[in-house]
Every structure is written in structure tokens, then in C-alpha cells.
Amino acid sequence: MPTHVIDGLHQIVIPTPFKVGPVNCYVTTTEPITLIDTGTTGAESRAALQAELAALGLQVSDIRRVIITHAHADHYGQAAEIVRASNAAVWTHRHNRVQLEAYETIHAQRNEFYLRIMAEAGVPAEQRQRLTDSRRSSDRHAEAVKIDRVLDEGDVIEFADRAWRVYHTPGHAGGLICLFDPVSRVLLSNDHLLRDISSNPVIEPDPDDGPRPHRLVQYIQHMQRMADLEPVMAWTGHGHPIHDVQRVVRQRLHFHERRAQRIVDLIGAEERSAYQIAEPLFGRLSGTEAFLALSETIGHLDWLEEQGRIEAIQRAEVIYWRRK
Ligand SMILES: [Zn+2]
């Protein structure tokens, strides 16, 4: 059943095949009918969307706009199908464009980027392709979709009779946006801020071909920026809304500080690769979780390096880390 967010805006919940569980999407009951995030492809997802919309007196063909908060399958997978049924316009941050419209065209380039990251992280050669492929397993649950309008930091979008400001908050994903209504102080935080789990900052190449962005460092900065807005409520992409955003942000910072300290302790007096750090931290690296574990470890190493607590030494293709 849909949950009332504020007048004219409701949360609907759509199951996903992923470990994270169902995804929260948001829909207006005021014109133009606007859907924020979509769930994945698949019959179960489609049926859930139809049922949730029906409970609000709506159907898929009523949707005029689809806003995609970030380019992960649970948030955009079903968009193309919705567009076919409704002719809705699709809006998202410009960094998501290539990934949403033509993922296959950048596949080879991305594969090369991730194989290099694996090599630098000290992942044994025979495991690199498997770990790189595990990252893509979620793509099976998404379909490419054409973008009609690109969004940027500072843009204002009107829906549910309010003017929502776009905040570009990279971290969990490079093109992730949050939407904030300064009047009601409601924040739509999707996966940038979740109540019960920490969002994984996923390693990605720079969209403009610059150096690899330090996703965890960005995530921490932008998490603080959202807390500074002093939202009264953050409605999330998974699980429950957050009543006390400041407290959750403090908890997340504390978690990352403890994790960073644990990494410094693990390095000890040695030199260690990201792989040699991720294994004792997360256990044996296998399956789809392995890429995320490595990604998060690299995020913490970036952060520690920026703090001047560790330094990198490159030996052949592998980067080793030691205390400074
Ligand atoms: Zn998600």
C-alpha cells in the first residue's frame, strides 16, 4: 500500500531480485503525474507498480515524467517499459546519461577500467575478470532508456505543487541526485542516505575521463551537505524514512572513521594491497559481494590517503599501502 509523504506525493514499494530487498519509489497524484525511480524489469516489478498506482487511482499510462535518481538497476530498470506504456519523459542527472541510454557502448571501456583497478588492488590475475563481471550482474534487470532532459545541481523541479531543488550528491553513484523542498524541508534522499544500512560508495571511472573520483570521500562530503539542510524527514530508496537525519549522518561518519582506523591497524608496520586488506575485513572475497567489498576498501584507502595517514607505493602493477 502507498504511504503518504506529503500532500500529492506518495511512496510506493516495488520488490527487487537484489539482496537489498524492495526499492522505494515515489509518485505524485497531481499533474503532471511524476514517478521518481521505477524498480527493475520483470513481471513481479510490473505487477507491483500497477497495483501500487491503482491504489492511488492511477495507471501506468497516466505517468508523464519519470525522474531517475541514479543509474542502478533497482532505480531505473523498468523505465523503458513505463515509457512505452505512457510516453512519459525521462529526466536524470547528466552523468547518468550514457549509462542509461547506451550501456553496451561503454562496456569494453569500463571493463578495461575495472580490470586495471583489480590489478592495482592486487587481486590475483585469475580472479580479476570474475570480480569485474560480478559487478555487472544487476544489469540483467534493467533496460536501456532514452533521456529527455538532463538535470544538474541547482535545477528546480515542480511536482506535488512544490518546487524541489536538485542536489548532485555523488558517492553511492556518480550521477546520484537528492531532491529537497525547502518549504516542507522534506528530502528525497534515495540511496544517498538510508536509515539502517550504510550506502556503498561504488568505484566508477570519471564521466569526463579525468582521474578516478574518490567516491567515499565525496559520499562523506555530500552526506554532511544534506545534514546541513536540516531536513525534517528524509525519504529513502530502501527501508524506512529517517526522522533524525543529523543523527544518522553522525552514525555513518563514526562507522567510516572506525572502519578507516581498522584498516590502519591492519596495515600495521607492513605494506598491503587493497586485496590484502579487504580479505581480513570482509572475509573471503567471492560472488557479487566481492566487488562491493573491494570497492568500499579502496574508498577508505582513498580517504586515509587524503587525510595523510597512509601512502601508496606502486610495485609493478600493484599499489601497496603503508602508514605515513
Ligand atoms: Zn538502491
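In this predicted model, Leu193 is in contact with Leu187, Ser199, Met223, Met226, Thr236, Ile242, Val245 and Val249, when its neighbours within four places in sequence are left aside. Leu193 also belongs to the largest nonpolar core, which comprises 52 residues, and it is named together with Leu294 and Leu301 as touching the most other members of that core. At least two residues of this core are supplied by each of the helices α5 (107-120), α7 (215-228), α8 (245-267), α9 (274-282) and α10 (288-306), and likewise by each of the strands β10 (177-181) and β15 (318-323). The largest share, amounting to nine residues, comes from α8.

A zinc ion is coordinated through the OD atoms of Asp74 and Asp191 and the NE2 atoms of His75 and His238, at 2.0 to 2.4 Å. Along the chain, these donors follow the spacing D-H-x115-D-x46-H, and the angles among the four donor atoms range from 85 to 165°, the site being classed as irregular. Of the coordinating residues, Asp74 and His75 are both buried.

Asp74 and His75 are ligands of the zinc ion, and the helix α2 (73-76) is one of the elements against which the buried residues of α3 pack, the others being β4 (34-36), α1 (43-55) and β5 (65-68). Within α3, which spans residues 79-86, the buried positions are Ala79, Ala80, Glu81, Ile82 and Ser86. Just after this helix, Asn87 adopts a positive phi of about 65°.

Methods. Residues are numbered from 1 along each chain as its sequence is written. This is a predicted model: local features need pLDDT of at least 70, side-chain atom pairs count only at pLDDT 80 or more; totals for chains, interfaces and linings use all residues. Side-chain values use heavy atoms; hydrogens and water are left out. Donors are N, O and S atoms within 2.8 Å of the metal (3.2 Å for Na, K and Ca); water is not among the atoms, so sites may look incomplete. Four donors count as tetrahedral if all angles lie between 85 and 135 degrees; four count as square planar and six as octahedral if opposite donors are over 155 degrees apart and all others between 65 and 115; anything else is irregular. Buried means under 20% relative accessible area, exposed over 50%, partly exposed in between (1.4 Å probe, protein chains only). A nonpolar core is a set of buried Ala, Val, Leu, Ile, Met, Phe, Trp, Tyr and Cys residues joined through side-chain atoms within 4.5 Å. Helices (H or I, at least four residues) and strands (E, at least two) are DSSP runs, numbered from the N terminus. Contact means heavy atoms within 4.5 Å.
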